[in-house]
Amino acid sequence: PPHPGEILNGLWLKPMGLSVSQAANALGISRKTLSKIVNGKSGISPEMAFRLSIAFGGSPESWMGHQTAFDLWKIEQKKSTLNVTPLLAH
């Protein structure tokens, strides 16, 4: 799954002709914070999900769903390194 920043950039910022600075200003956050999200260096928090929902639409839950799907996919890639033993009922 794509990172939420990739979704934000591809479906909203670029089509709307918005720069990261313009979008950050509208969201009430720093340019640096939004740049990290757009570049996949930082995830979105529940508060950011609300900000994105207000500014661009969609529900906060849908924005968080993108983040959760991405996070779970990343962990799935290294599942074998987690060193967890299944505890199954007999």
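Predicted model: local features only at pLDDT ≥ 70, side-chain atom pairs only at ≥ 80, totals over all residues.
Residues are numbered from 1 along each chain as its sequence is written, and side-chain values use heavy atoms, with hydrogens and water left out.

**Stop 1: the two helices.** Select residues 4–16 for α1 and 60–77 for α5. Helices here are DSSP runs (H or I, at least four residues), numbered from the N terminus. Their axes come within 9 Å and cross at roughly 130°; axes are lines fitted to C-alpha atoms over the stretch in contact, and angles run from 0 to 180 degrees between N-to-C directions. α1 and α5 are therefore oblique to each other (under 35 degrees is roughly parallel, over 145 roughly antiparallel, 65 to 115 roughly perpendicular, and the rest oblique).

Now show the side chains in the contact (heavy atoms within 4.5 Å): P4, I7, L8 and W12 from α1, with W63, H66, Q67 and F70 from α5.

**Stop 2: the rings.** Stay with W12 and W63. They form a tilted aromatic pair, 5.2 Å centre to centre with 45° between the planes. Rings of Phe, Tyr and Trp (its six-membered ring) pair if their centres lie within 6.5 Å; planes under 30 degrees apart are stacked, over 60 edge-to-face, and the rest tilted. Since W12 is in α1 and W63 in α5, the pair ties together parts that are 51 residues apart in sequence.

Which of these is buried, and which partly exposed? W63 is buried at 2% relative accessibility, while W12 is partly exposed at 22% (buried is under 20% relative accessible area, exposed over 50%, partly exposed in between, with a 1.4 Å probe and protein chains only).

Next, move along α5 to F70 and W73, 3 residues apart, about one turn of the helix. Their ring centres are 6.2 Å apart and the planes are at 35°, so this pair is tilted. F70 is buried at 15% relative accessible area, and W73 is partly exposed at 38%.

**Stop 3: Q67.** Finish on Q67, also in α5 and buried at 5% relative accessibility. A polar atom of the Q67 side chain lies 2.8 Å from the backbone nitrogen of I44. Setting aside neighbours within four places in sequence, Q67 is in contact with H3, P4, G43 and I44.

Terms used
Polar contact = N/O pair within 3.5 Å; in protein donor to acceptor, adjacent residues only side chain to side chain.
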